[in-house]
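I opened my notebook for a friendly look at one model.

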Amino acid sequence: MPELPEVETVANGVNARIRGQRIHSVWFSRHKEPFKTPPAEMAEELTGKRIERVYRIGKHIVFDLVSRPGEAPALQWIVHLGMTGRLLVSASDVPVPAHTHAILQLDAKRELRFVDPRRFGRMALHRIATAQPSATQPSRRSGKAALSSPVTGGFRGPGSEPLSISPDEFIALFRNRKLSIKAALLNQKLLHGVGNIYADESLFHAGIRPTRIAGRIRPERLLLLHAALQSILRKAIELGGSSVSDYVDADGVAGFFQLEHRVYMRTGQPCLVCGTPIRRMLLAGRGTHYCPHCQK
């Protein structure tokens with residue numbers, strides 16, 4: 001399943017290519033699974049709207065929509081990629097891939113297509129209860145639009161944001177938690193966006209064994225994990241995410257962070273630090289990779 005860096009890469013790519021464009025028409029497939037909002041309602045609400053910006057919250061891609069430039073967004077389109085979902089920006093004359101479940105026709109004969117072979121992805125509308133000043137207005141401090149900042153009253157996701165959570169807030173998340181630190185990292189109600197790949201890689205870089213009980217880990221070690229997690233997520237975004245299965249960006253291009261993996265999917269191979277074979281176990285229902293020497 002695409003994790004935070006992959007979703008961020010897709011959202012940034014889509015934003016760069018279609019931000020400011022108007023949705024002229026909408027087509028949805030007849031399959032029921034991808035829709036959390038009835039497709040007829042979504043098609044009616046999306047048609048005619050202008051895409052103010054596209055960004056990531058957790059593992060969700062959020063489209064802020066307006067009727068006229070400069071007004072406050074009152075509606076958002078939320079897309080979750082699931083396990084095999086892809087958002088592709090294509091020219092309208094490019095053949096439509098199999099398993100396409102949504103096509104938004106935009107300006108300049110462009111289309112935004114949602115492709116999902118296994119149909120675990122989801123699409124929904126989110127209405128903003130109270131209109132706020134447009135979130136794309138320049139910040140008074142930076143003079144630039146804050147593309148990753150959620151709209152006040154808009155969709156916020158289930159947990160804390162891994163890239164902006166403070167060290168103290170991070171430590172507080174795990175206080176008195178009786179589950180393993182790997183399970184805690186995967187709990188989207190604690191940290192939304194972190195998945196199997198980046199939990200394994202962050203725990204390795206912090207030297208923490210995945211089975212350690214979260215509430216018993218000393219604060220100074222959690223600080224190492226906080227720094228490792230943010231560093232690895234940012235590096236993965238820089239490299240376009242990890243392509244280990246179906247993931248591609250908005251142009252259909254694979255990422256490269258899988259070349260940086262130190263433990264994930266390296267079972268039996270020597271640790272790149274100490275040479276000990278990497279082990280794999282099942283933890284929190286997920287395959288978990290670790291170095292038995294470097295991680296304590």
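I took two strands as paired if DSSP finds at least two bridges between them. Strands (E, at least two residues) and helices (H or I, at least four) are DSSP runs, numbered from the N terminus. This is a predicted model, where local features need pLDDT of at least 70, side-chain atom pairs count only at pLDDT 80 or more, and totals for chains, interfaces and linings use all residues. Residues are numbered from 1 along each chain as its sequence is written, and side-chain values use heavy atoms, with hydrogens and water left out.

**Entry: the sheet.** I looked up β6 (residues 100-105) and β7 (residues 110-115) and found antiparallel pairing over five bridges. A102 stands opposite F114 in β7. I then traced the open sheet of four strands, which are antiparallel in the order β1-β6-β7-β5. Each of the edge strands, β1 (25-28) and β5 (86-91), has a single partner, so one side of each lacks a neighbour in the sheet.

**Entry: the cysteines.** How many disulfides does the structure hold? I found zero, counting a pair of cysteine sulfur atoms within 2.5 Å as a disulfide. C271 is in no disulfide, and its nearest cysteine sulfur, that of C291, is 3.8 Å away. For C274 the closest cysteine sulfur is also in C291, at 3.6 Å, which is too far for a bond.

I checked accessibility too, with buried meaning under 20% relative accessible area, exposed over 50%, and partly exposed in between (1.4 Å probe, protein chains only). C271 counts as buried at 5%, while C274 is partly exposed at 32%.
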